[in-house]
Amino acid sequence: MQLGADHVRVRVPATSANLGPGFDAMGLALARYDVLEVRALGNGDVVVDVEGEGAGEVPGDEQHLVVRALRAALDLVGAPQTGLHLTATNAIPHGRGLGSSAAAVVAGIVAARALVADPAALDDATVLRLATEFEGHPDNAAPAILGGATIAWTTTVEGAHAVRLDVHPDIEATVLVPTVRLATSRARGVLPETVPHADAALNAGRAALLVEALTRSPQHLFDATEDRLHQEYRAGVMSASWELVRALRAEGLAATISGAGPTVLLLGRVEDRDRADVVLRDLLHGSDQWRAYRPGIDQGGVRSERVLGSTGLPEPSPRQVR
C-alpha cells in the first residue's frame with residue numbers, strides 16, 4: 001500500500017479505566033487531549049518535538065511510543081516506512097492513571113491510518129487490536145478510540161473487542177491529579193493472584209449496575225462504583241489517593257482510583273456539583289499536592305485529518321468497533 005498523505009494531525013483524549021468495579025474492562029474518555037502532527041520526510045530522519053506533559057522526558061527518536069506504534073501500523077498494512085517529524089503538544093499527565101501511554105499508541109496508529117492511501121485498512125477494530133498488543137489490555141485504548149464509555153474484552157482467536165456506551169448527559173467527571181507519579185507495573189504488581197469469591201461476586205454485580213448508572217440511571221453511581229478487586233490492594237503504593245477515595249465515598253460521592261492510579265476520579269450528576277465542590281474544598285484544604293479538573297466527557301474519541309496541502313483527500317470519520 002502506498003502513502004496517500006505526507007502531513008496529518010491527530011487529537012486523542014485522556015481516558016480513565018476501571019471506573020471502580022470494571023477492572024481491565026471498562027473505561028471513559030475525558031475531554032483533555034494530546035494533539036500531534038506527523039510529517040513524512042524524504043529522508044530517514046526521525047525528529048520528535050514535545051511540548052507540555054512529557055517534554056524533556058520521553059524519547060526523542062525511534063523509541064518514542066507514537067513513532068513505534070505508527071511504524072507497526074504501517075508494517076501491518078504493507079505501507080512504506082519513511083522519515084518522520086513528530087510534533088506533540090501533550091495535555092495528558094504521564095504516570096497518573098489517565099491513559100497517556102494508550103493515547104500515544106492510539107495516536108500513532110491513527111496517524112498511520114491518515115497517512116496511508118486506504119484508511120479503511122486500519123479501521124477501528126484493527127486499531128484496537130494493534131493498540132492492545134502494545135498495551136496488554138484494551139480498557140484505555142477502547143475509550144481513546146471510540147469516546148464515551150466503553151466495555152472492552154479479548155478473545156483467544158480474534159483479540160480485543162469493544163462496545164461504546166452513550167454516557168447519560170447529567171453525568172460529569174472530576175479528576176484529582178496528584179503531583180506524584182506511579183508506574184502501572186508497580187500498581188499491578190501488588191495485586192493478589194486470587195480474591196475471595198464473595199468479592200468477585202460483588203464486583204460482577206456492581207459492574208453490571210455501572211452500565212445502567214452510566215447510561216440511564218446516574219442516581220446509582222455511588223453503589224455502582226464500589227470495588228473489592230483491586231483498589232484497596234493498591235493502597236500501600238498510593239496511600240494518599242486511597243485515603244482521598246475513602247473520604248469522598250464516606251461523604252456519599254462516587255470516587256474511584258483512575259486506572260492504575262494515583263489520580264482519583266469522581267463521577268457525579270451535574271445537579272450535585274455544588275455539594276461535591278464543598279466536600280473537595282474541605283478535604284483538600286487548598287493543598288498544592290493535587291490539581292483538580294472537570295474536563296468533560298469526550299464523546300467522539302480520537303480524530304485525525306490530513307493537513308491542507310498534504311497529498312490526497314481527508315480521511316473519513318472513524319468507525320465504531322462493534
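Q: How many salt bridges does the count come to?
A: Side chains of opposite charge can pair when their charged atoms come close. This is a predicted model, and in it the count comes to 19 salt bridges.

Q: Which side chain meets Glu53 in a salt bridge?
A: The side chain of Arg291 does, with an N to O distance of 4.0 Å. This pair links distant parts of the chain, 238 residues apart: Glu53 is in the loop between β3 (46-52) and α1 (65-76), and Arg291 is in strand β10.

Q: Into which domains is the protein chain divided?
A: There are two entries to note: domain 1, made of 7-166 + 299-306, and domain 2, covering 171-293. Their C-alpha centres lie 25 Å apart. Domain 1 gives 26 residues to the contact, and domain 2 gives 36 residues.

Q: What area is buried between domain 1 and domain 2?
A: The size of an interface is often given as the accessible area lost when the parts come together. Here about 2,200 Å² is buried between domain 1 and domain 2, and carbon and sulfur atoms give 58% of that area. On the side of domain 1, Pro21, Phe23 and Arg96 supply 30% of the area buried against domain 2, more than any other three residues.

Q: How many salt bridges and polar contacts does the rule find across the interface of domain 1 and domain 2?
A: Three salt bridges are found across this interface. For polar contact, the number across the interface is 15 residue pairs, with both residues at pLDDT 80 or more.

Q: Which elements give two or more residues to the side of domain 1 that touches domain 2?
A: These are β1 (7-17), β2 (26-41) and β5 (149-155). The largest share of that side comes from β2, which gives four residues.

Q: In what order do the four strands of the open sheet stand?
A: Strands of a sheet pair through backbone hydrogen bonds, either parallel or antiparallel. In this open sheet the order is β8-β9-β7-β10, and the pairing is antiparallel. The edges are β8 (254-257) and β10 (290-293); each has a single partner strand, so one side of each is left without a neighbour in the sheet. Direction ignored, neighbouring strands of this sheet are turned by 20 degrees against each other on average.

Q: Over how many bridges do strand β7 and strand β9 pair?
A: Strand β7 (residues 171-178) pairs with strand β9 (residues 264-269) over six bridges, in the antiparallel sense.

Q: Where is the backbone worth checking residue by residue?
A: Take the peptide bond that joins Gly261 and Pro262: this bond is cis, with omega about 5 degrees. Pro262 lies in the loop between β8 and β9.

Q: What is the phi of Leu19?
A: Leu19 has a positive phi of about 55 degrees, although Leu19 is not a glycine. The residue is found in the loop between β1 and β2.

Conventions
Residues are numbered from 1 along each chain as its sequence is written. This is a predicted model: local features need pLDDT of at least 70, side-chain atom pairs count only at pLDDT 80 or more; totals for chains, interfaces and linings use all residues. Side-chain values use heavy atoms; hydrogens and water are left out. Two strands pair if DSSP finds at least two bridges between them. Axes are lines fitted to C-alpha atoms, for helices over the stretch in contact, and angles run from 0 to 180 degrees between N-to-C directions. Domain bounds come from an automatic or database domain assignment. Contact means heavy atoms within 4.5 Å. Buried area is the accessible area (1.4 Å probe) that two parts lose on being put together, summed over both. A polar contact is a pair of N or O atoms within 3.5 Å; within protein, one must be able to donate a hydrogen and the other to accept it, and residues adjacent in sequence count only if both atoms are side-chain atoms.
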